[in-house]
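Keep the sequence at hand as you read.

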Amino acid sequence: MFASAGGDGRVGLCDARTGEHIGTVAPGRPGVTAFPSYLPDGNTVLIAAADGAFYAWDIRPEQWVDFACSVARRNLTPVESDDAFPVGPTTEPADSRP
């Protein structure tokens with residue numbers, strides 16, 4: 001995976017083999033340039049914003065599902081999980097699809 005950012009404050013995550021977009025976060029204020037960098041654990045992207053703020057993004061899709069469930073205060077259905085997180089743990093890896 002690789003992370004990229006634009007001047008709009010959003011940080012995107014892509015599959016390095018296919019270039020497929022995996023997810024995007026906008027952790028700070030809109031329009032504040034962000035600068036992503038991987039931490040040594042390989043699972044966290046540290047995002048430094050031009051306004052001096054820092055954010056940590058756990059890039060493991062299964063963590064996204066866990067977070068969404070905690071926000072919803074319930075487990076997501078498989079359909080909800082697949083719709084919201086198409087590369088998450090309830091779907092097949094992209095390279096195993098026909």
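Helices (at least four residues) and strands (at least two) are DSSP runs, numbered from the N terminus. The model is a predicted one.

Q: What pattern does the protein follow, read along the sequence?
A: Start with the elements. The protein has two helices and six strands. Read along the sequence, they give the pattern β-β-β-β-β-β-α-α.

Q: Which element gives the largest share of the lining of the second largest pocket?
A: This pocket holds about 200 Å³ of space. Strand E3 (21-25), strand E6 (54-58) and helix H1 (61-72) each give two or more residues to its lining. The largest share is four residues, and it comes from E6.

Q: Which residues that line the second largest pocket are the closest to its centre?
A: Twelve residues line this pocket. They divide into one charged, two polar and nine nonpolar. The closest to the centre are Val25, Trp57, Asp58, Trp64 and Phe67.

Q: Is Cys14 buried or exposed?
A: The cut-off for buried is under 20% relative accessible area. Cys14 has 13% relative accessibility, so Cys14 counts as buried.

Q: Is Cys69 buried or exposed, and what is its relative accessible area?
A: Apply the cut-off of under 20% again. Cys69 falls under it, so the residue is buried, with a relative accessible area of 13%.

Q: How many disulfides does the count come to?
A: A disulfide is a covalent bond between the sulfur atoms of two cysteines. The rule asks for a pair of cysteine sulfur atoms within 2.5 Å. By this rule the count of disulfides is zero.

Q: Is Met1 buried, exposed or partly exposed?
A: Met1 lies in the segment before strand E1 (2-5). Buried means under 20% and exposed means over 50%. Met1 has a relative accessible area of 48%, so Met1 is partly exposed.

Q: What separates the C-alpha atoms of Met1 and Leu13?
A: Leave out residues up to four places away in sequence, and Met1 touches Leu13, Cys14, Ala16, Ile22, Tyr38 and Ile59. Met1 and Leu13 are twelve residues apart along the chain. Their C-alpha atoms are separated by 6.7 Å.

Methods. Residues are numbered from 1 along each chain as its sequence is written. This is a predicted model: local features need pLDDT of at least 70, side-chain atom pairs count only at pLDDT 80 or more; totals for chains, interfaces and linings use all residues. Side-chain values use heavy atoms; hydrogens and water are left out. Buried means under 20% relative accessible area, exposed over 50%, partly exposed in between (1.4 Å probe, protein chains only). On a 1 Å grid over the protein atoms alone, a cavity is a set of points where a 1.4 Å probe fits but cannot get out, and a pocket is an open set with protein on both sides within 12 Å along at least five of seven lines; lining residues have an atom within 4 Å of a point. Grid points are joined across faces, edges and corners, and a volume is the space filled by probe spheres set on the points. Ala, Val, Leu, Ile, Met, Phe, Trp, Tyr, Cys and Pro count as nonpolar, Asp, Glu, Lys and Arg as charged, and the others, Gly among them, as polar. Contact means heavy atoms within 4.5 Å.
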